[in-house]
Amino acid sequence: DVGDACALLQQAYDLLGSLLLVVLVQRQQLIDTTLDGHYAYATKLARSTDDFLQSALQQLDYSAKLMAGHMDDLHYLGEEAARLRLQTKSFNSVTVIDQTGYVLATSPETLQIVGKTLKSAGVTEALQAKGPIISQPYMAVTDKFIIFISQPIFAADGQYLGAVGGSIYLKQESMLDLLLGEHFYRDGSYLYVVDQRKRVIYHPED
């Protein structure tokens, strides 16, 4: 009769509503799980990147101490710059400057900046700080989008002699690119990095 039909229809509506609720709950749980997984992965990758940058600073610090007694020996500075760049491949290029920003040595030599005085953001920051720095991303004189990591060079008496710095190209092959580019997920998602000014400084499709 009509009453039974209405009761069955109401049961069907209730069942449909329950099923819809289950689907929505499961969907939200799946989203939450995925977001938690991506957050944990991003956090781990951020720590790995920080470890890489700290290691780069340590390498530069070691070279700065070696260079301190050889600032007049351009051949030695060039050899040490080349060793620093090639030994671990942490940097795309390495530059040694005096206290005015004048380039004493560089690796690779194809940069053709030896004998020039650099006024770039990274060099200016290094000279002003007279201490270890990891610069903000900027466009270098070589038309490369880079970060400049440097350590000061001090004489035995504490006199500031200059700095040794390594450049990491953000939109070309580098150790940082390898670190960020080895993406764990294979679900179509990808990772990109944005600086404090909301500029994309790393993107796998650039």
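**Salt bridges and a cavity**

Asp61 and Lys65 sit four residues apart in helix 1 (residues 2-67), so about one helical turn separates them. Helices here are DSSP runs of H or I with at least four residues, strands are E runs of at least two, and both are numbered from the N terminus. This is a predicted model, in which local features need pLDDT of at least 70, side-chain atom pairs count only at pLDDT 80 or more, and totals for chains, interfaces and linings use all residues. Residues are numbered from 1 along each chain as its sequence is written, and side-chain values use heavy atoms, without hydrogens and water.

Side chains of opposite charge can pair when their charged atoms come close. A salt bridge needs a side-chain nitrogen of Lys or Arg within 4 Å of a carboxyl oxygen of Asp or Glu. The count is two. Asp61 and Lys65 form one, with their closest N and O atoms 2.9 Å apart. Asp61 is partly exposed at 28% relative accessibility, while Lys65 is exposed at 57%. Buried means under 20% relative accessible area, exposed over 50%, and partly exposed in between (1.4 Å probe, protein chains only).

Arg83 and Glu80 also form a salt bridge, at 2.5 Å from N to O. They are three residues apart in helix 2 (residues 74-88), about one helical turn. Arg83 is partly exposed at 29%, but Glu80 is buried at 6%.

Which strands each supply at least two residues of the lining of the largest cavity? They are strand 1 (93-98), strand 5 (145-154) and strand 6 (160-169).
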